[in-house]
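Here is a quick briefing on a protein model.

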Amino acid sequence: ENAHQLGEVSRPLEQVAAEYRLELGIRSFYLEPQPSPKAVVEITARLVSDKGVAGAQLFSATAAAKSTDAADAVAALNAAFNDVAKQVVSWTLTTL
């Protein structure tokens, strides 16, 4: 939406008849403490139209954490999520 790459972006509550719907599922979102702390994020994405599934893919990323302390874990999870979000946006634009 902020990149202005699509003609229109709506949310489910707006009840707009969209040509495509992006469905996301969180598969993994956690901090793996051993052997060295890292955040793990996996998200599935499906582009669906009234004609069926236009595409589906699993996206994943990891990010090292300085420690298992809450602040370091949050920073690592944010970094991994940001990576996955960029992958999803790129794939969506390419698939459409």
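Ala39 stands opposite Ala63 in S3, and this is a predicted model. Twelve bridges join S2 to strand S3 (residues 52-64), and the two run antiparallel. Strands (E, at least two residues) and helices (H or I, at least four) are DSSP runs, numbered from the N terminus.

**How to read the numbers**

- Residues are numbered from 1 along each chain as its sequence is written, and side-chain values use heavy atoms, with hydrogens and water left out.
- In this predicted model, local features need pLDDT of at least 70 and side-chain atom pairs count only at pLDDT 80 or more, while totals for chains, interfaces and linings use all residues.

**Strands and hairpins**

- Two strands pair if DSSP finds at least two bridges between them.
- S2 and S3 make a hairpin, with two residues between them.
- S2 (residues 38-49) also pairs with S1 (residues 21-32), in the antiparallel sense and over eleven bridges.
- S1 and S2 form a hairpin too, this one with five residues between them.

**The aromatic pair**

- The structure holds one aromatic pair.
- Its members are Phe59 and Trp91, with 5.6 Å centre to centre and 65° between the planes, which makes the pair edge-to-face.
- For the cut-offs, rings of Phe, Tyr and Trp (its six-membered ring) pair if their centres lie within 6.5 Å; planes under 30 degrees apart count as stacked, over 60 as edge-to-face and the rest as tilted.
- Phe59 lies in strand S3 and Trp91 in helix H1, so the pair ties together parts that are 32 residues apart in sequence.
- Phe59 is buried, at 2% relative accessible area, and Trp91 counts as buried at 12%.
- Buried means under 20% relative accessible area, exposed means over 50%, and partly exposed is in between (1.4 Å probe, protein chains only).

- Ile26, Phe29 and Phe81 make a nonpolar surface patch of about 330 Å².
- Like charges are joined within 9 Å, and nonpolar side chains (Val, Leu, Ile, Met, Phe, Trp, Tyr) within 5 Å.
- Phe81 sits in helix H1 (residues 70-95), and its 36% relative accessibility is why Phe81 counts as partly exposed.

Conventions
Patch = residues over 30% accessible without salt bridge, like charges linked within 9 Å, V, L, I, M, F, W, Y side chains within 5 Å. Areas by Shrake-Rupley, 256 points an atom, 1.4 Å probe, with all protein chains shown as cover. Salt bridge = Lys/Arg side-chain N within 4 Å of Asp/Glu carboxyl O.
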